[in-house]
Amino acid sequence: MTTPARQLKTTTAVDTLARKSSDAGIISGGHLVAQALRSEGVDTVFTLCGGHIIDTYDGCLDHGIRIIDVRHEQVAAHAADGYARQTGGLGCVITTAGPGFTNALTGIATAFRSESPVLHIGGQGALSQHKMGSLQDLPHVDIAAPITKFSAGVRSTERIADMVAMAARECFAGAPGPSYLEIPRDVLDREVPTGDVTIPEPGRYRASTKSLGDPDDIEKLARLLVKSERPAILLGAQVWMSRGHEQAIELVRTLNIPAYMNGASRGLLPPGDPHYFHRTRGDAFKQADVIVIVGTPFDFRMGYGRRLRDDATIVQIDLDYRTVGKNRDVSLGLVGDPGVILGAVVDASTGRGDNGAKRRKPWLETLRAIEEQKTEKLMPLFLSDAEPIHPYRVAWELNEFLTEDTVYIGDGGDVVTISAQAVQPRAPGNWMDPGALGGLGVGTGFSLATKLAHPSKEVLCYYGDGSFGMTAFDMETANRFGAPYIAVIGNNSAMNQIRYGQLAKYGEARGNIGNLLGDVPFSKFAEMLGGYGEEVRDPNQIAPALRRARESVNGTGKSAVINIWVDPGEWAPGTKRQTMYK
């Protein structure tokens with residue numbers, strides 16, 4: 001017996017999705033997400049599609065938010081981080097549940113250690129399926145909690161916008177960092193009357209984060225610097241991330257103080273500025289009577305504070321009170337916005353009969369002479385004609401290639417460490433690196449985000465061959481969205497930074513285990529994607545190859561890859577001393 005046609009029911013995937021209402025008085029959860037993101041100034045989200053999150057895309061389209069879809073969620077998270085660093089605003093990554101969430105965790109952890117404000121919105125199975133074993137179900141909120149400043153789930157559609165605002169607020173509380181917000185699928189897809197939802201009004205639910213701290217401490221610091229004979233200041237990543245660079249520059253110029261920069265703050269002063277110092281930080285810290293550390297912790301990069309003289313006056317300024325005085329005692333600690341504090345110190349030192357600027361001229365001259373001596377000592381390596389190519393020669397050529405509009409991104413181990421010996425960015429925001437987590441694979445997402453944030457800038461990412469292999473396929477994403485960049489690879493066919501430690505400890509017989517890679521002609525990768533690629537084995541061909549890459553990127557709108565074969569038997573001094581572990 002056949003069933004009458006009128007009794008047949010065809011069920012499609014569409015039938016399982018929430019319907020989009022045309023009623024102006026009704027709004028879906030995905031549209032509430034987009035509306036809340038727009039209130040936060042978010043104009044771009046990075047994502048990889050999944051069934052749990054598709055209504056956010058519909059909302060983003062209606063609210064004018066650009067959707068950048070990548071091939072791997074790690075890249076999406078790194079791109080959101082990079083976008084935050086470049087714009088100074090909130091970066092946003094949206095992932096589906098389960099593997100979409102876990103793939104993004106490396107990028108979120110990188111943002112956490114780098115103090116970058118990133119909002120990670122993740123999907124989850126429906127509340128109606130809670131604890132039933134729904135597709136891709138994981139305890140996302142619990143997993144994210146240790147590497148975020150805020151981790152929570154949304155339990156009702158009416159609260160979505162409120163919870164987005166709450167999570168974003170936490171991203172900027174004290175030192176910036178990431179937040180995670182989970183939205184179950186039925187909560188996201190549900191449509192509710194607009195009169196029932198909680199939507200914080202932009203500009204009315206957040207206090208200023210530009211905290212000055214204790215005015216008495218500002219006066220103390222001003223007196224210390226005015227009286228100091230040999231001051232030195234280290235400007236850490238928070239100075240750039242909080243956009244306090246103008247006040248920092250005014251301070252060092254007004255009071256005539258030698259300045260050193262690390263992390264995201266490299267480039268705040270251009271090479272050639274009389275207050276810019278690059279190679280003499282250790283020398284300055286050994287002789288300085290007052291050392292001011294701004295916006296960087298006493299972590300492994302600072303020898304946990306042990307490299308600072310015990311008899312020097314140590315001042316630490318940070319957005320996070322937990323960082324001040326951690327790992328070593330300080331003479332004076334100030335908690336607040338670096339730019340606001342440094343600007344206030346300039347004001348407090350103004351109008352004094354003698355602010356000590358002229359008195360400190362010999363101190364700067366002494367350090368400048370040491371800088372020149374150290375540079376001269378490195379020149380044979382920088383100009384080496386050795387084959388295989390010496391990695392110091394690559395670093396030198398990269399620095400010569402940079403312009404004021406080139407953003408330099410480092411993604412790798414030893415080759416990137418070496419590049420820091422030579423590469424001197426020409427402007428604020430023109431240096432990016434993984435930060436304290438030290439993860440490989442950041443470069444592709446950073447490059448994509450930087451070019452999207454600043455279309456008129458040139459973006460150059462220097463990879464190790466190991467790091468390039470991790471995320472390179474999203475170079476296609478960069479091309480697809482009109483964000484091409486120059487990829488330069490220091491190729492030694494090894495995870496060479498770790499290889500050194502293994503060789504030193506275990507010898508040749510066991511030291512090459514688990515760290516050697518294949519000899520890959522990566523230039524063909526760019527060609528496969530429609531761009532320019534070149535293999536370089538002659539050091540004198542580095543500069544011409546870089547110029548050809550620039551011409552190709554500007555002419556074709558496709559990314560270029562310059563694969564430079566470097567000597568696997570050369571390492572950075574820090575690698576040889578294994579200072580990253582000390």
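Contact here means heavy atoms within 4.5 Å. The model is predicted: local features need pLDDT of at least 70, side-chain atom pairs count only at pLDDT 80 or more, and totals for chains, interfaces and linings use all residues. Residues are numbered from 1 along each chain as its sequence is written, and side-chain values use heavy atoms, with hydrogens and water left out.

View 1. Helix 3 lies across strand 2, strand 3, strand 4 and strand 5, running at about 165 degrees to strand 4. Helix 2 (residues 54-62) lies across strand 2 (44-47), strand 3 and strand 4, at about 140 degrees to strand 3. Axes are lines fitted to C-alpha atoms, for helices over the stretch in contact, and angles run from 0 to 180 degrees between N-to-C directions. Helices (H or I, at least four residues) and strands (E, at least two) are DSSP runs, numbered from the N terminus.

**View 2. The open sheet has six strands in the order 3-2-4-5-7-6, with parallel pairing.** Two strands pair if DSSP finds at least two bridges between them. Strand 3 (66-69) and strand 6 (150-153) stand at the edges with a single partner strand each, so one side of each is left without a neighbour in the sheet. Neighbouring strands of this sheet are turned by 20 degrees against each other on average, direction ignored. Strand 4 (residues 91-95) and strand 5 (residues 118-124) run parallel and are joined by five bridges; I94 stands opposite I121 in strand 5.

**View 3. D81 is a buried residue of helix 3.** Its relative accessibility is 0%, so D81 counts as buried (under 20% relative accessible area; exposed is over 50%, partly exposed in between; 1.4 Å probe, protein chains only). Leaving aside residues up to four places away in sequence, D81 touches T110, A111, S116, V118 and F446.

**View 4. The largest nonpolar core holds 39 residues.** Such a core is a set of buried Ala, Val, Leu, Ile, Met, Phe, Trp, Tyr and Cys residues joined through side-chain atoms within 4.5 Å. F46, L448, F468, M475, Y485 and V561 touch the most other members. Among the elements that each supply at least two residues of this core are helix 3 (73-87), helix 16 (442-453), strand 16 (458-464) and strand 17 (486-491). A second, separate core of 35 residues includes Y57, L181, I183 and V192. Not counting residues up to four places away in sequence, Y485 touches T444, S447, V459, C461, Y463, M475, A478, V553, S559 and A560.

**View 5. Strand 11 (residues 290-294) is largely enclosed by the rest of the structure.** Five of its five residues are buried. V290, V292 and V294 point one way, and I291 and I293 the other way. Strand 11 runs parallel to strand 9 (residues 231-235), with five bridges, and V292 is the bridge partner of I233. Five bridges also pair strand 11 with strand 12 (residues 313-318) in the parallel sense, where V290 stands opposite T313.

**View 6. Helix 10 (residues 245-255) packs with helix 12 (residues 338-349).** The angle is about 30 degrees, and the axes of helix 10 and helix 12 are 8 Å apart. The two helices are therefore roughly parallel (angles under 35 degrees; over 145 is roughly antiparallel, 65 to 115 roughly perpendicular and the rest oblique). Residues making the contact include Q247, L251 and L255 of helix 10 and G339, L342 and V346 of helix 12.
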